[in-house]
Amino acid sequence: MKVLVGVKRVIDYAVKIRVKPDQTGVETANVKMSMNPFCEIAVEEAVRMKEKKIAKEIVAVSVGPKQNEDVLRTALAMGADRAVHVVYDGETQPLGVAKTLKALIEKENPEVVMLGKQSIDDDFNQTGQMLAGIMNWPQATFANSVEKDGDSLVVGRDIDGGEEKLKVPLPAVVTADLRLNEPRYVKLPNIVKAKKKPLEPLTPADLGVELMGKLKTVKVEEPPTRQAGIKVADAAELVNKLKNEAKVL
Amino acid sequence: FNHSMALRSVFNYSARAFSTSSALRMPSLVVAEVLEGGKVGGGLGNTLTAANQIDADVDVLVTGPDAAAAATDIASGKYGKVRSVLNATTEETAHNVAEKVAPVVLGAQKEGNYTHIITASTNFGKNIIPRVAALLDVAAITDVMKVLSANSFVRPIYAGNALATVESDDSVKVLSIRSANFSVEPAEGLGAPVKDVSADCSGVPATEWLSNEIAVSERPELASASIVVAGGRGLKEPENFKMVEELADQLGGAVGATRAIVDAGWVPNDMQIGQTGKVVAPDLYIGLGISGAIQHLAGMKDSKVIVAINKDEEAPIFTVADYGIVGDVFKVMPELMAELKK
């Protein structure tokens, strides 16, 4: 089985972001960037599938500027076999990325596409579902467990109120939730080895896709800041304030 | 500058007056979640409020084996104002499998030519709505927290640390609504008509639903509770989470948690509050032993009153807390319970 795994390069999760003064977006210059945490989980799951001899080959893909090579090298160091980089400098939106992945599926013929459930920059939570829709493939989103069962995958999903299990026939799209696994740390020898693994650059034109997003961002603002609160001495004062000042009890 | 601002506000006012008085209202479709037994899933009321802010006539679509009961419930106006309820009762869409629900939504879209297709930003909505959008070849706008106009919306990005205003020129706007930012406006006694519609889900992948495990709780639903008590790593041991539950029960509130203790297996995943979990905006949020990572704050910082009890004076949660106690949660909690019982 061949697995295609999508990875995105985003501002590191621990960075406190800054909105640009001209409200056109968020400052990304000189900010620490990393692989989106949910994509890391997707790569880890693909590598585990290979270790369990369910998957034969893992192809990591990323859509974005030149610097996305970093996250593809990280995916290779984690255990992906090769990488495909669709080089694009503009803003990426879920529908455009889904169409790009569709073109790559037609080229690569994978049985499974593993993605993260959302990226922590635009917080859209859409790409996997959109890809499954345009491929007319089954989708197993917010996956917390994935097992192979013949020509299907049995996927545990996090849902409101609990969890559920679906059996999806292959080929299928799976999006990873946080509980799916704990991604491994990449070791230095693997980073060195990853440098020798193949990384193929492509352009959207090579794939015949249009990446220009249709959704227009008019402005990006800071959220309203909360007024500074007070520290109270003890439980008695807290209850008194909640009853008489905030009037929430 | 002032002059042009004034002009602009007059213009906006007249544009709005024109659109509301016009007979040409837009039709919009709200897709409701139907649970087993015909119970309506969370966030419908808030979603109807958002849908009614767009100058539109709102139809609600229900599907699944128990859709009829949900249709009657929604037609009463209990959740908000609706023009009609579309009942697509079918066994095919049992358990809301996305591959089967999407074509039912597209069928309704074909009949009704809706300008907007809307759901709540619940797991149900997030699973279904991008698939529907892609099949219509339009963008989806998830987690809408403000409706500015029929084609302009505000949504949070970067864990709510920035707000993006987005505009869509697509013929159909496909949206999911963040419940915490919209109130529920019941229209009791409305008596909207229920129309039976067809549900054709042929030609889709043979996804099979196997089983589920749903946690049964007497407590209010986390996303819509007016009081939320949440616990974090500062509670040290899983058994100490009982303190969170006791306080929640004392106050009639819901129980939430940080990602750290969900990952550690103390509590189920659906209790997680944050960027990738549930977003809550109760009247009162109380955080016990929670430091306040960016990802957790994303899910609770719109709460009306925030209380934090933490022994670390420098914990980021104190930057958003209205009332904070710097102290040992194990010492403060018994005192707090005693004070509340007075």
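This is a predicted model: local features need pLDDT of at least 70, side-chain atom pairs count only at pLDDT 80 or more; totals for chains, interfaces and linings use all residues.

Me: Why is Asn87(B) called buried?

Reply: Its relative accessible area is 9%, and buried means under 20%. The value of 9% falls under that cut-off, so Asn87(B) is called buried. As for its place in the chain, Asn87(B) belongs to strand E3 of chain B, which covers residues 84-89.

Me: How do you know that the side chain of Asn87(B) makes a polar contact with the side chain of Thr89(B)?

Reply: The distance between the two side chains in this contact is 2.5 Å. A polar contact needs a pair of N or O atoms within 3.5 Å, one able to donate a hydrogen and the other to accept it.

Me: Now a residue elsewhere in chain B. Why is Phe330(B) called partly exposed?

Reply: The relative accessible area of Phe330(B) is 27%. Buried means under 20% and exposed means over 50%, with partly exposed in between. Because 27% lies in between, Phe330(B) is partly exposed. Phe330(B) sits in helix H9, residues 329-341 of chain B. Beyond its neighbours within four places in sequence, its contacts are Gly234(B), Leu235(B), Lys236(B), Asn240(B) and Met243(B).

Me: What domain does the record give for residues 28-218 of chain B?

Reply: An unreviewed UniProt entry annotates them as "domain: Electron transfer flavoprotein alpha/beta-subunit N-terminal". In the model, this stretch of chain B is 25% helix and 32% strand, and its end C-alpha atoms are 35 Å apart.

Me: And chain A: how many helices and strands does it have?

Reply: Chain A has seven helices and 13 strands. Buried residues make up 55% of its 249 residues.

Me: What makes a side chain of chain A count as positive or negative?

Reply: Lys and Arg count as positive, Asp and Glu as negative. By that count chain A has 38 positive and 36 negative side chains, and the centres of the two sets lie 2 Å apart.

Methods:
Residues are numbered from 1 along each chain as its sequence is written. Chains are lettered from A and ligands numbered from 1 in the order in which they are written. Side-chain values use heavy atoms; hydrogens and water are left out. Helices (H or I, at least four residues) and strands (E, at least two) are DSSP runs, numbered from the N terminus. Buried means under 20% relative accessible area, exposed over 50%, partly exposed in between (1.4 Å probe, protein chains only). UniProt positions are given in the numbering used here, feature names are shortened, and annotations may be inferred rather than shown by experiment. The place of a charge is taken as NZ of Lys, CZ of Arg, CG of Asp or CD of Glu. Contact means heavy atoms within 4.5 Å.
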